[in-house]
Amino acid sequence: MEVRNCKGCGKLFNYMPGQPPLCQACLKQLDLKFEQVKQYVYDHPNANIQQVAEENEVTVNQIKKWVREERLAFSENSGIGLSCESCGAMILTGRYCKKCKEKMGNSLSKLYEKQKEAPVKKTQDTSAKMRFLH
């Protein structure tokens with residue numbers, strides 16, 4: 001375990017790799033802000049991302065992060081969207097558009113199939129002998 005300063009409040013805390021660099025109190029506050037933003041987006045489906053950020057005292061980058069994580073999505077009427085990280089198409093949530101997700105999935109499936117089809121050569125090595133260290 002590693003001890004770090006919290007990015008939110010500056011206090012020392014036990015950092016767990018893979019987790020946000022925030023103490024438990026700041027993580028709890030962030031979760032409460034998320035619920036508040038989620039409710040605001042639900043109540044105001046036509047609000048733009050700047051309005052959502054200002055009304056809820058959250059950064060635009062934090063809102064974009066929640067959208068990329070697919071925790072938050074905007075309605076089609078809102079006019080808010082992010083660009084697909086692969087092709088640049090406008091998306092409402094996540095990192096990739098549906099078309100790019102399918103293309104990546106198909107590529108992985110084809111790769112898996114190629115590996116299954118490749119014959120496995122079994123060779124018998126008669127020179128392999130047990131050795132002893134003295």
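Mentor: Let's start at N56, which is buried because its relative accessible area is 3%, and buried means under 20% (exposed is over 50%, partly exposed is in between, with a 1.4 Å probe and protein chains only). Before going on, keep in mind that this is a predicted model: local features need pLDDT of at least 70, side-chain atom pairs count only at pLDDT 80 or more, and totals for chains, interfaces and linings use all residues. Residues are numbered from 1 along each chain as its sequence is written, and side-chain values use heavy atoms, with hydrogens and water left out.

Now find N56 on the chain: the residue lies in helix 2. Helices here are DSSP runs of H or I with at least four residues, strands are runs of E with at least two, and both are numbered from the N terminus. What does N56 touch once you leave aside its neighbours within four places in sequence? The residues in contact with N56 are K33, Q36, V37 and Y40, where contact means heavy atoms within 4.5 Å.

Pick V37 out of that list, because V37 is buried too, at 0% relative accessibility. V37 sits in helix 1. Although V37 and N56 are 19 residues apart along the chain, their C-alpha atoms are separated by 6.3 Å. Not counting residues up to four places away in sequence, V37 touches V52, V58, W66 and L72 as well as N56.

Several of those names turn up again in the largest nonpolar core, a set of 20 residues. A nonpolar core is a set of buried Ala, Val, Leu, Ile, Met, Phe, Trp, Tyr and Cys residues joined through side-chain atoms within 4.5 Å. V37, V52, I63, W66, V67, L72 and F74 have the most contacts inside this core. Helix 1 (24-43), helix 2 (49-56) and helix 3 (60-68) each supply at least two of its residues, and the largest share, four residues, comes from helix 1. In soluble globular proteins, nonpolar side chains tend to be buried together.

Setting aside its neighbours within four places in sequence, V67 is in contact with L72, F74, L82, L92, T93 and G94. There's also a second, separate core of seven residues, with C6, C23, C26 and L27 among them.

Step back to N56 and move along to E57, which lies in the loop between helix 2 and helix 3. Is E57 buried or exposed? E57 is exposed, since its relative accessible area is 68%. Look at the backbone here as well: E57 has a positive phi of about 55° although the residue is not a glycine.

E70 also deserves a look, in the loop between helix 3 and strand 3 (82-83). Its phi is near 65°, again a positive value in a residue other than glycine. With a relative accessible area of 45%, E70 is partly exposed.

Next, over to the strands. Strand 1 (residues 2-5) and strand 2 (residues 12-15) run antiparallel and are joined by four bridges; two strands count as paired if DSSP finds at least two bridges between them. In strand 2, F13 stands opposite R4, and L12 is the bridge partner of N5. These strands form a hairpin with six residues between them, and in that turn G10 has a positive phi of about 90°.

Finally, zoom out. The protein has four helices and four strands, and reading along the sequence gives the pattern β-β-α-α-α-β-β-α. Of the 134 residues in the protein, 23% are buried, and N56, where we began, is one of the buried residues. Among contacts with a separation of 6 or more, 23% are between residues 24 or more positions apart.
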